[in-house]
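Hi,

Here is the structure I promised to pass on to you. Have a look at it first, and then read my notes below.

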Amino acid sequence: MDALLEQARDVYEGQIDFPSQRLADNLTTALLTITGILSFLLGYLTQDIIKTLYTGLGGAALTFLVVVPPWPWYNQAPERWLPARVPKRSAGTYASGVDLGGVNIEVDGKRIG
């Protein structure tokens, strides 16, 4: 059951690496530009605004289907993050353990840190 939930979480989060963000942006720009040009030309040649609108809507839907879902090719070079460090508790930390760097902060007359 946990494996199934982990897969669902991975799909929901939609992991995407940095080069694929550029790819998705370029695909969005290219597909919407081509859609705009085609819908304008189709509407102009047929003199029908309904065809223009439906062509533009179809192109936007196609762009949505290509760009928004977390397709596997959008995460081919995932970033390797450093492991989290446990901060040492010192005099200048929040109760949650966040270091204030020796800065004294006062909020509503109460000293934090």
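**The aromatic cluster**

Trp71, Trp73 and Tyr74 come together as one aromatic cluster. Before I go on, a word on the source: this is a predicted model, where local features need pLDDT of at least 70 and side-chain atom pairs count only at pLDDT 80 or more, while totals for chains, interfaces and linings use all residues. Residues are numbered from 1 along each chain as its sequence is written, and side-chain values use heavy atoms, with hydrogens and water left out.

Back to the rings. Rings of Phe, Tyr and Trp (its six-membered ring) pair if their centres lie within 6.5 Å; planes under 30 degrees apart are stacked, over 60 edge-to-face, and the rest tilted. By this rule there are three aromatic pairs. Trp71 and Trp73 are a stacked pair, because their ring centres are 5.3 Å apart and their planes are at 5°.

How accessible are these two? Here buried means under 20% relative accessible area, exposed means over 50%, and partly exposed is in between (1.4 Å probe, protein chains only). Trp71 has 32% relative accessibility, so it counts as partly exposed. Trp73 is partly exposed too, at 40%.

**Along helix H2**

Helices (H or I, at least four residues) and strands (E, at least two) are DSSP runs, numbered from the N terminus. The chain has three helices and two strands, in the order α-α-α-β-β from the N terminus on.

Thr35 sits in helix H2, which covers residues 18-46. Is Thr35 buried or exposed? With a relative accessible area of 13%, Thr35 is buried. Apart from neighbours within four places in sequence, Thr35 is in contact (heavy atoms within 4.5 Å) with Thr55, Gly56, Gly59 and Ala60.

Phe40 is also found in helix H2, but Phe40 is exposed, with a relative accessible area of 54%. Together with Ile37, Leu41, Tyr44 and Leu45, Phe40 makes a nonpolar surface patch of about 590 Å².

**The whole chain**

Of the 113 residues, 13% count as buried. The chain exposes about 9500 Å² (Shrake-Rupley method, 1.4 Å probe), and carbon and sulfur atoms supply 64% of that. Among contacts with a separation of 6 or more, 48% come from residues 24 or more positions apart.

Cheers

Terms used. Patches are made of residues with over 30% relative accessible area and no salt bridge: like charges are joined within 9 Å, nonpolar side chains (Val, Leu, Ile, Met, Phe, Trp, Tyr) within 5 Å. A salt bridge is a side-chain nitrogen of Lys or Arg within 4 Å of a carboxyl oxygen of Asp or Glu.
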